[in-house]
Amino acid sequence: LAAHRPQRAAHSHPGVRSQLAAKMASFAAPAPPMTPPRVMIDMPANVLELCPPYAPLLGFLGAAAALVLSNVGAAYGTGLAGIALSNTGVERPDLTFKNIIPVVMAGVLGIYGLIIAVIIGTSVAAFSSGSGTYSDYSLYSGFSHLAGGLTVGLCSLSCGICIGIAGDAGIRSVAEAPRHKPAVVTKLYVGMVLIQGTASALGMYGLIIALLMSVNTSNDCNPM
C-alpha cells in the first residue's frame with residue numbers, strides 16, 4: 001500500500017492533471033464548421049410565379065409516364081401474342097415466322113415512349129443558360145411535357161391492349177385454318193395484318209401529338 005501512495009501524489013499534481021486534460025481534449029469531437037453566409041441570388045422580380053421550383057417535377061413526371069405506360073402496353077401486347085404464337089407453333093411450325101407480326105408491332109410501342117422520354121428529359125434545365133442562378137424551366141413547359149408524356153403513354157397502352165387481343169385471336173385463327181385450303185389461310189392472314197396495322201396507328205397518333213407538345217415550350221420567366 002505504501003508503494004502506491006507516491007503514484008497517487010503524482011497524479012494529484014497540477015501539472016499532471018493539466019497534461020491529462022490536454023490529452024482528453026485531443027480526443028474530443030472537432031468543432032462543427034462555420035455555416036457560410038447566405039448569398040442572395042440576383043433574379044428578376046416575381047420569377048417564381050412563372051418558373052416555380054416544382055416545375056421540373058412536372059417534366060420528369062411526363063417523361064416517366066411516357067416510358068412506363070408505353071412499356072406496359074408493349075409488354076401486354078407482346079406477352080399475349082407471344083403466348084398464342086407459342087401454342088400454335090407446336091402444331092403449325094410453318095406459320096411461326098408469319099404470325100410473329102403482332103409481337104413485333106407490340107414491341108415497337110416501347111420505342112414511342114422512349115423517344116418522347118428522351119426529348120422531355122433533356123429539355124428540363126436545372127439553371128438558366130444566361131445567368132446560371134435560377135431555373136428558367138417554366139410552368140408552361142412543365143405542363144406541356146406532362147401532357148405530352150401522358151398522351152403517348154396512354155395511346156401506346158391502348159394500342160398494346162388492342163394488338164395483344166386482336167393478335168391472339170388472329171394467330172390462332174390462322175393456325176386452325178385447314179392446311180389443304182391455302183386460300184383460306186391467306187385471307188385470314190391478310191385480315192390479321194390489316195387489323196394489326198390499324199391498331200398500331202393508335203400509338204402513332206399519340207407519338208405525333210406528343211412530339212408537337214414536347215417542343216412547344218417557353219423559357220420566359222419574367223412576368224413583366
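Predicted model: local features only at pLDDT ≥ 70, side-chain atom pairs only at ≥ 80, totals over all residues.
Local features need pLDDT of at least 70 and side-chain atom pairs count only at pLDDT 80 or more, whereas totals for chains, interfaces and linings use all residues. Residues are numbered from 1 along each chain as its sequence is written, and side-chain values use heavy atoms, with hydrogens and water left out.

**View 1. Helix 5 against helix 7.** Helices (DSSP runs of H or I, at least four residues) are numbered from the N terminus. The axes of helix 5 (residues 101-123) and helix 7 (residues 182-215), which are lines fitted to C-alpha atoms over the stretch in contact, come within 10 Å and cross at roughly 0°, on a scale from 0 to 180 degrees between N-to-C directions. The two helices are therefore roughly parallel (angles under 35 degrees). Contact (heavy atoms within 4.5 Å) involves residues including Tyr112 and Ile116 in helix 5 and Met204 and Leu207 in helix 7.

**View 2. Helix 5 against helix 6.** Helix 5 packs on helix 6 (residues 139-176) at about 175°, with the axes 9 Å apart, an arrangement that is roughly antiparallel (angles over 145 degrees). Among the residues that meet are Leu109 and Gly113 in helix 5 and Val152 and Cys159 in helix 6.

View 3. Cys155 is in no disulfide, and its nearest cysteine sulfur, that of Cys159, is 8.9 Å away. The sulfur of Cys162 is 6.7 Å from the closest cysteine sulfur, in Cys159, which is too far for a bond. Cys155, at 24% relative accessibility, is partly exposed (from 20% to 50%, with a 1.4 Å probe and protein chains only), and Cys162 is partly exposed at 30%.

Conventions:
Disulfide = S-S within 2.5 Å. Parallel < 35°, antiparallel > 145°, perpendicular 65-115°, else oblique.
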